Amino acid sequence: MEIPHYETALIVGVGEGISASLARLLSKQGIRVALAARNPGKLDALCQETGAKAFACDATQADDVAKLFKDVERDLGAPDIVVYNASQRARGAFVELAPADVAQAIAVSAFGGFLVAQQALQRMLPNKHGAILFTGASASIKGFAQSAPFAMGKFALRGMAQSLAREFAPQGIHIAHFVIDGGIRSSVRVEPADRPDSMLDPDAIAANYWNVLQQPRSAWSSELEIRPWVEKF
């Protein structure tokens, strides 16, 4: 049973939650880590902690994404793990939503995933090796009131992940989509004392991503739902 070996990871859409936990975990595994965000300056502390390198990128812009991959390849090597963690919401009554806001939300949540995956696959296919992970949400499988744009983007991202898995898994590329079904714990968002572990721990989410990355190709997962033990289905 052969466990995949990875050398360089690129995480797109980095904040202080899942992405930060994943950067810490991957760096501890000896993997070189690149972090991409519109404002890379906010990642200074995380880079100092993990040894990761930050890059500026607007994931909705094809030229930005192409430049990101070229820069990461030049500085760290072509990434054989790529995580797309970017998303954007446009909340409000459906009839009052601004079309431009909806278009931007869909572009960040879904179209950016397409751009990133396309660049990643161009580099992974020659070696028939690599993994692309997409971060979904409850909205990937159920749309909520006054949150249609988020569901539109997340449904699209999930559909793309399914298509990519069917097309590229037989070529050695592990494609997986994660349904993050529940609130994520943070420094400003903690669960009540009488409901322990009722929110998702970002470190535990990252551990699940790593577990999927370690799957032998004879038993790959293409989707994983992750929720706290008390979260309703």
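1. A word on burial before we start: a residue is called buried under 20% relative accessible area, exposed over 50%, and partly exposed in between (1.4 Å probe, protein chains only). By that rule Y209 is buried, at 0% relative accessibility, and F178 is buried too, also at 0%.

2. Some housekeeping: this is a predicted model, so local features need pLDDT of at least 70 and side-chain atom pairs count only at pLDDT 80 or more, while totals for chains, interfaces and linings use all residues. Residues are numbered from 1 along each chain as its sequence is written, and side-chain values use heavy atoms, with hydrogens and water left out.

3. There are two aromatic pairs in the structure. Rings of Phe, Tyr and Trp (its six-membered ring) pair if their centres lie within 6.5 Å; planes under 30 degrees apart count as stacked, over 60 as edge-to-face and the rest as tilted. F111 and F114 make a stacked pair, 5.7 Å centre to centre with 25° between the planes. Both sit in helix α4 (residues 99-124), three residues apart, about one turn of the helix. Helices (H or I, at least four residues) and strands (E, at least two) are DSSP runs, numbered from the N terminus. F111 is partly exposed at 40% relative accessible area, and F114 is partly exposed at 34%.

4. F178 and Y209 form a stacked pair as well, at 3.9 Å centre to centre and 15° between the planes. This pair links distant parts of the chain, with F178 in strand β6 (residues 173-180) and Y209 in helix α6 (residues 202-213), 31 residues apart.

5. The largest nonpolar core has 33 residues, and Y209 is among the four that touch the most other members, along with I11, L26 and L35. Such a core is a set of buried Ala, Val, Leu, Ile, Met, Phe, Trp, Tyr and Cys residues joined through side-chain atoms within 4.5 Å. Elements that each supply at least two residues of this core include β1 (8-12), α1 (18-28), β6 and α6. A second, separate core of 32 residues includes V116, L121, M160 and I175.

6. Back to α4: its 26 residues reach 36 Å from first C-alpha to last, close to the 38 Å expected at 1.5 Å a residue, where the expected span is 1.5 Å times one less than the number of residues. The helix has a kink of about 45° centred on A107, the bend being the angle between axes fitted to the seven residues ending at a residue and the seven starting there.
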